[in-house]
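Q: I have just opened this one and would like to go through it with you. Could you take me around?

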Amino acid sequence: MKRKKILLSAAVAMSLLLSFTACSKQEDKSAMANNDTKTEQQMENKDSDTNKDSEMGEVKFTAKDLDGNEQSEQIFKNSKLTVLNIWGTFCKPCVEEMPELGKLSDEYKDKGVQVVGIVADTVDADFNPMDDMITTAKDMLKTINVNYVNLLPSKELAEIYLKDIQAFPKTLILDSEGKILREISGSRNLEGFQKEVDEELAKLQ
């Protein structure tokens, strides 16, 4: 039963990505259609892309977090940078890097950096919350002992941050307006995240 839930959650997460991904390659479409959920750890290219904010307009969204609290783009306003980690409960590399993100959250909060998550498989294809998957995500976070805010995908969040994702985990570094400064493909250890964040912090000096 647990395995069936995990497979279902992976399928839902990928269906959300299919709804918002502008991928035109037939082989990519075929892989997604067969729910061949890849993680970025399986992909060779783990480079980060920078200077994405020039492509974005004003960021506006509403969403709920795992505790049911209403959130919006205001969540970014009081931080110089936000490390936005997009993950799924079915994704082993996503879970394995979370302790590193927890350390980053603790060590960099005094530098004006916060970590926020989006749990891709906690809503259905119509963005309705799935209580069992929310419980699963909360239990995982409690076990891992990380306490930063994790959001449920909303339509607005998907259109802004999820539409180009083809694999998990994916991490975005955002400015205080929620615009993307850097995209990080694949999992990282603490030192890897620190390097990416420090480079963006240096640009703010």
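Q: To start, which elements make a right-handed β-α-β unit?
A: This is a predicted model, and in it the right-handed β-α-β unit is made by strand E4, helix H3 (residues 92-108) and strand E5.

Q: How do E4 and E5 pair, and over how many bridges?
A: E4 and E5 (residues 113-119) pair in the parallel sense, and seven bridges connect them. Within that pairing, Leu84 stands opposite Val116 of E5.

Q: And which way do E4 and E7 run, parallel or antiparallel?
A: E4 and E7 (residues 170-174) run antiparallel, with five bridges joining them. One of the positions to look at is Ile86, whose bridge partner in E7 is Lys170.

Q: Which residues point which way from E4?
A: Leu81, Val83, Asn85 and Trp87 point one way, while Thr82, Leu84 and Ile86 point the other way, and all of them are buried. In a regular strand, side chains alternate between the two faces of the sheet.

Q: Changing topic, how many residues are in the largest nonpolar core, and which have the most contacts inside it?
A: The largest nonpolar core has 52 residues, and those with the most contacts inside it are Phe61, Ile86, Trp87, Leu104, Tyr161 and Val197. Among the elements that give two or more residues to this core are E4, H3, E5 and E7, together with helix H4 (131-144) and helix H6 (190-203).

Q: What does Leu104 touch?
A: Leaving aside residues up to four places away in sequence, Leu104 touches Val83, Val115, Leu190, Phe193, Gln194 and Val197.

Q: Now for the charges: how many salt bridges does a search of the whole structure find?
A: The search finds 12 salt bridges. One of them is formed by Lys60 and Glu73, whose closest N and O atoms are 3.5 Å apart. Lys60 lies in the loop between strand E1 (48-50) and strand E2 (62-64) and Glu73 in the loop between strand E3 (70-72) and E4, so the pair ties together parts that are 13 residues apart in sequence.

Q: Is Glu73 buried or exposed?
A: Glu73 counts as buried, because its relative accessibility is 11% and the cut-off for buried is under 20%.

Q: What about Arg182, which residue does it form a salt bridge with?
A: Arg182 forms a salt bridge with Glu196, and the closest N and O atoms of the two are 2.6 Å apart. Arg182 is in strand E8 and Glu196 is in helix H6, so this pair ties together parts that are 14 residues apart in sequence. Arg182 is buried, with a relative accessible area of 4%, and Glu196 is buried too, at 7%.

Q: Which residues are linked with them in a network of salt bridges?
A: The network links Arg182 and Glu196 with Arg188, Lys195, Glu199, Glu200 and Lys203.

Q: Where is Arg188, then?
A: Arg188 sits in the loop between E8 and H6, and it is buried, with a relative accessible area of 16%. A polar atom of the Arg188 side chain lies 3.2 Å from the backbone oxygen of Ser185.

Notes: Residues are numbered from 1 along each chain as its sequence is written. This is a predicted model: local features need pLDDT of at least 70, side-chain atom pairs count only at pLDDT 80 or more; totals for chains, interfaces and linings use all residues. Side-chain values use heavy atoms; hydrogens and water are left out. Buried means under 20% relative accessible area, exposed over 50%, partly exposed in between (1.4 Å probe, protein chains only). Helices (H or I, at least four residues) and strands (E, at least two) are DSSP runs, numbered from the N terminus. Two strands pair if DSSP finds at least two bridges between them. A crossover is right-handed if, with the strands pointing away from the viewer, the path from the first strand over the helix to the second runs clockwise. A nonpolar core is a set of buried Ala, Val, Leu, Ile, Met, Phe, Trp, Tyr and Cys residues joined through side-chain atoms within 4.5 Å. Contact means heavy atoms within 4.5 Å. A polar contact is a pair of N or O atoms within 3.5 Å; within protein, one must be able to donate a hydrogen and the other to accept it, and residues adjacent in sequence count only if both atoms are side-chain atoms. A salt bridge is a side-chain nitrogen of Lys or Arg within 4 Å of a carboxyl oxygen of Asp or Glu.
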